[in-house]
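Morning, everyone. I have a few minutes on one model, so please look at the screen while I go through some places in it.

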Amino acid sequence: MITILAWLMIIVFLGLVMTKRLHPFTALISVPLVFSIIGVFTGAMKEPIAKYLEKDAAGSLSIMDQIVALGKMSQDGLVKSSKTAFMLLFAILFFSIMLNAGLFDPVVNTVIRIAGGDPVKVLVGTAIVAASVSLNGDGTTTTLICCTAFIPIYKKLNIKLLYLGVLVILMNTIMNLLPWGGPTARAMSVMEVEGGPVLAALAPGMVVSIIYMLGVAVYLGMKERKRVGIQKLTAAELAKTTQSDPEVEALKRPKLIWFNAILTIGTVILLVMDKLPSSFLFLVALVIGLMVNYRQIKEQKERIQDNAGDALQVVILVIGAGMFSGLFGNTGMSDALAHSMVSALPTSLGRWWGLVTAVVSAPGTFFLSNDAYYYGILPVFAEAGAKYGYTALNMTVASLLGQAFHLLSPLVAFIYLLLNMTGLEMGEWQKESAKWAIGIFIIFIGVAAITGACPLYI
């Protein structure tokens, strides 16, 4: 009975999220709660709840006792997810404020100035800026900054905007694997792992993939150089492309650029070293960044208010995931679902569970939202992987490798902003992007196997 409930819960959860009948946050809370209550009234939850409460006799538990236990299970899940939620809150606020202060402006302006009228330099510059701006983990911000900065140049030089769309989305794909990015944050909250070890495990593959994408930019740039040639742009024409809204300019702190750069780089280095908690590092960095860049209390309040919306959207999902995992795990549904899956697989395939998880994550994260995949599917794969010797970190990494294709999905909201700003047709853009995303996917898997971040076979 509990296995049936577990499968039904996952199916209903995925269906509600995929069809957009419920917001992922409300689905994460309501679906496991409803199915857990059904399990209580049908008697299916008595044994696992008795085990959770360390009771010898399940028969002595009343329905009210079991419902009260569900509240405690939910609380356990919320406590476990709180570290990730705090880290994300402070990390997103920190990077948003660094963007407000203009930390990445010199990179954008320098790249545009150096690129001039050479398509190769313009495309490489696009890739560099996209990777830099993607540090805040927000695809919408990356799209807005890159398109605003580069579309005038692409049009002036007659470079295909298709290549702008490809480079922006694939660079963001790579950088989105940072611990404060959407998919990694979700996987971390489900698997209860810290940001430092995850970043250390993913970083080699990310670095190689960035180099690969710079190579792609050079290749595409050479094609465009052959097609349109190299043009000369005046200083005035270049300056015009970097102008922004006066209100945005007022927030920038060009005199503090080096301080902000050192603060950001130092924070990331300390994060990788894993000597201090991630939430503590970003909290301290956020406070320092606020006090130094915006000294008046009114300015600090405005920066927090303006950027809190983006942070809150991610944080509440992690909190919801905590309750989901608390109920899903403690009621026995997670174990039952994992056992049913493992029993259906050939024994020989289990030792390749790292590769299986990585391969499944590609179509899984393309056809499903990150919320549906990481909160609904990953726990099941993780339970099965543990039986074959894969650690929580191994499974976290494996589940993220398929992200090479996720941002090509029509389920990703901000790609419509990209398509609208560039005027691209989705099918053509997906086809061109997927061609190069295959290379990123292969690099992710290969480097993870070589470094041991995710053994393909145990």
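Which residues make the nonpolar surface patch of about 600 Å²? This is a predicted model, to be clear. The patch is made by Ile265, Ile269, Leu270, Met273, Leu276, Phe280 and Val284. Two elements give two or more residues to the patch: helix 13, at 257–273, and helix 14, at 278–293. Helix 13 gives the most, with 4 residues. Val284 sits in helix 14. With a relative accessible area of 33%, Val284 counts as partly exposed, because that class runs between 20% and 50%.

Now to a buried position. Phe441 lies in helix 22, residues 426–451. Its relative accessibility is 13%, so Phe441 counts as buried, the cut-off being under 20%. What does Phe441 touch, leaving out residues up to four places away in sequence? The list is Ala358, Val359, Ala362, Leu401, Gly402, Ala404 and Phe405. Gln403 is 38 residues from Phe441 along the chain, and the two C-alpha atoms are separated by 7.9 Å.

Last, helix 2. It covers residues 24–42, which is 19 residues, and reaches 27 Å from its first C-alpha to its last. That is close to the 27 Å expected at 1.5 Å a residue. Which residues of helix 2 are buried? They are Pro24, Ala27, Leu28, Val31, Pro32, Phe35, Ser36, Gly39 and Val40. Just after helix 2 comes Gly43, with a positive phi of about 85°.

That is what I had for today.

Technical notes. Residues numbered from 1 in each chain as written. Predicted model: local features only at pLDDT ≥ 70, side-chain atom pairs only at ≥ 80, totals over all residues. Heavy atoms only, no water. Buried < 20%, exposed > 50% of the residue type's maximum accessible area, 1.4 Å probe, protein only. Contact = heavy atoms within 4.5 Å. Patch = residues over 30% accessible without salt bridge, like charges linked within 9 Å, V, L, I, M, F, W, Y side chains within 5 Å. Areas by Shrake-Rupley, 256 points an atom, 1.4 Å probe, with all protein chains shown as cover. Salt bridge = Lys/Arg side-chain N within 4 Å of Asp/Glu carboxyl O. Expected span 1.5 Å × (residues − 1).
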